[in-house]
Amino acid sequence: MNVPLIPSELLQKSDKILFIAHLALGDYTYLQNCFQAFAQAYPHLKLHLWVDEVRRTGDASQWPHLKKNVLYDWLAACDFIDKVYDRNYSPELFQDSIKEAQQERYPIVVSLGTLRPHFYANLAREISPDGFVVGLKKPLGLLDLPHWFAYHKLDASLNPDVADRNSAPHISDVHAEWFRQLANVDIPPAARIPFVHIPQQFVDGARARLHDWGFDHRQGKLVFINPFAKTRKRCWPVERVAELITTMRAQPEWRDACFIVNAVPQEVERVKTMLAERKLDRTELFSANENFFQLPAMLAQCDLIVSVETAVMHLANAVGVPVVALMRQKTPEWAPVDKANSTVITADQRRDWVKAIPVQAVMHALA
């Protein structure tokens with residue numbers, strides 16, 4: 001056993017711990033395993049989580065969108081997390097959350113903020129003036145000297161990167177190493193595969209939707225296609241989706257397949273128009289616009305998932321459905337971790353966006 005960054009005696013005598021992180025769905029898909037393993041290793045510690053909103057703004061028109069982050073639906077259902085700070089999308093609410101957290105008098109605060117780690121070192125110490133504070137700390141260059149004062153507030157620090165980059169670690173390996181260093185929490189590779197517990201009401205809802213579409217008595221397989229991600233670099237053209245469906249249908253194995261095309265809310269109308277123009281039969285539009293669990297519930301009903309590099313790709317592993325992942329070359333650490341159920345197709349050139357991947361590359365992978 002190594003000496004953990006958080007003193008063992010402190011871990012044993014404390015009653016709660018606060019983790020600070022900025023989380024997208026993909027981040028939490030892998031960090032969830034770490035939080036669960038930590039909670040199992042230290043069952044006497046109440047685990048609190050501060051979800052920082054990196055898009056925090058004073059623009060009130062943005063608040064309804066930021067408030068409805070689907071990640072909060074997932075966190076609310078996690079039985080190993082006792083409290084979540086999820087109202088940090090405006091400067092005023094951010095300050096209110098700090099005051100609320102200060103009242104908890106946390107004995108231990110751990111910052112896992114990889115973006116601007118100096119900012120989160122300051123935040124952790126502001127929340128817990130007298131507690132034991134650990135944070136990520138990047139090596140300092142000459143231009144980073146002002147950050148030294150922030151890092152100096154930490155009682156212990158973690159390197160955001162594992163030492164050996166040549167080993168090409170997966171992001172789940174990086175996270176597991178953080179928790180090993182923090183508190184001697186061992187998370188073996190098999191325990192790093194994502195999971196999601198879907199409430200029965202959403203399973204029933206997905207099956208009802210398939211019934212309404214006439215897909216519940218289908219002869220062929222059910223295929224879920226997701227071409228959308230947060231950034232354009234990771235999106236696939238919707239026209240390519242129509243081409244893929246047509247090309248797959250020309251193959252005997254997929255002739256009777258039914259297709260679900262996923263769209264983020266702001267793209268629903270464009271996809272609806274495209275599907276109508278192409279007159280694609282047995283093809284329906286889907287958008288999880290009410291609750292996070294609508295998405296994994298529908299994914300779990302499918303036989304194959306084709307997705308660009310975003311949360312859908314990781315959730316495919318969580319529900320155990322085979323996935324064909326369309327990725328850039330620049331982010332191999334974010335490839336699906338369950339290799340037995342995943343086929344990764346990368347764009348040819350390192351500078352290429354996902355849109356450079358042709359339909360034939362997908363067909364080749366399916367063959």
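Tutor: One term before we start: a residue counts as buried when its relative accessible area is under 20%. Keep in mind that this is a predicted model.

Student: Okay. Is phenylalanine 38 buried or exposed, and what about tyrosine 42?
Tutor: Phenylalanine 38 is buried. Tyrosine 42 is buried too.

Student: How many aromatic pairs are there in the whole structure?
Tutor: The search finds 18 aromatic pairs. Phenylalanine 38 and tyrosine 42 make up one of them. That pair is tilted, with 40° between the planes and 5.1 Å centre to centre.

Student: Which pair is edge-to-face?
Tutor: Phenylalanine 224 with phenylalanine 286 is an edge-to-face pair. Their planes are at 65°, and the distance is 6.0 Å centre to centre.

Student: Where do phenylalanine 224 and phenylalanine 286 lie?
Tutor: Phenylalanine 224 is in strand S7, residues 222-226. Phenylalanine 286 is in strand S9, residues 283-286. They are 62 residues apart, and the pair links distant parts of the chain.

Student: Why does phenylalanine 224 count as buried? And phenylalanine 286?
Tutor: Phenylalanine 224 is buried because its relative accessible area is 0%. Phenylalanine 286 counts as buried because its relative accessibility is 2%.

Student: Which rings are linked into a cluster?
Tutor: Ring pairs join a set that includes Phe19, Tyr28, Phe35, Phe38, Tyr42 and Phe179. Trp74 and Phe202 are also among them.

Student: Let's switch to the core. How many residues are in the largest nonpolar core?
Tutor: The largest nonpolar core holds 74 residues. Phe19, Phe38 and Phe179 have the most contacts inside it. Helix H2, residues 25-41, gives the most to this core, with nine residues.

Student: What is phenylalanine 179 in contact with?
Tutor: Setting aside neighbours within four places in sequence, phenylalanine 179 contacts Phe19, Phe35 and Phe38, among others. The list also includes Leu31, Cys34, Leu112 and Asn184.

Student: What about the surface? Which residues form a nonpolar patch there?
Tutor: Leu140, Trp148 and Phe149 form that patch. Together they have about 320 Å² of accessible area.

Student: Where is tryptophan 148 found?
Tutor: Tryptophan 148 is in helix H7, residues 145-151. Tryptophan 148 is partly exposed, because its relative accessible area is 41%.

Student: New topic: charges. How do they pair up?
Tutor: Side chains of opposite charge can pair when their charged atoms come close. Here the count comes to 15 salt bridges. One of them joins arginine 218 and aspartate 303, at 3.9 Å from N to O.

Student: Why does that pair tie together parts that are 85 residues apart in sequence?
Tutor: Because each partner sits in its own loop. Arginine 218 lies between helix H9 (200-213) and S7, while aspartate 303 lies between helix H12 (294-299) and strand S10 (304-308). Arginine 218 is partly exposed at 26% relative accessible area, and aspartate 303 is partly exposed at 35%.

Student: What about glutamate 269? What does it form a salt bridge with?
Tutor: Glutamate 269 forms a salt bridge with lysine 272. The closest N and O atoms are 3.5 Å apart. Both residues lie in helix H11, three residues apart, which is about one turn of the helix. Glutamate 269 is exposed, with 52% relative accessible area, whereas lysine 272 is partly exposed at 44%.

Student: Which residues are linked in a network of salt bridges?
Tutor: Lys16, Lys83, Glu100 and Glu104.

Student: Last topic: backbone. Which residue has a positive phi although it is not a glycine?
Tutor: Arginine 116 is one of them, with a phi of about 50°. Arginine 116 lies in the loop between strand S4 (108-111) and helix H6 (117-127). Arginine 282 also has a positive phi, near 50°. The place of arginine 282 is the loop between helix H11 (268-278) and S9.

Student: Is arginine 282 buried or partly exposed?
Tutor: Arginine 282 is partly exposed, because its relative accessible area is 29%.

Definitions and conventions: Residues numbered from 1 in each chain as written. Predicted model: local features only at pLDDT ≥ 70, side-chain atom pairs only at ≥ 80, totals over all residues. Heavy atoms only, no water. Core = buried A, V, L, I, M, F, W, Y, C linked by side-chain atoms within 4.5 Å. Buried < 20%, exposed > 50% of the residue type's maximum accessible area, 1.4 Å probe, protein only. Helix = DSSP H or I, 4+ residues; strand = E, 2+ residues; numbered from the N terminus. Contact = heavy atoms within 4.5 Å. Patch = residues over 30% accessible without salt bridge, like charges linked within 9 Å, V, L, I, M, F, W, Y side chains within 5 Å. Areas by Shrake-Rupley, 256 points an atom, 1.4 Å probe, with all protein chains shown as cover. Salt bridge = Lys/Arg side-chain N within 4 Å of Asp/Glu carboxyl O. Phe/Tyr/Trp six-rings, centres within 6.5 Å; stacked < 30°, edge-to-face > 60°.
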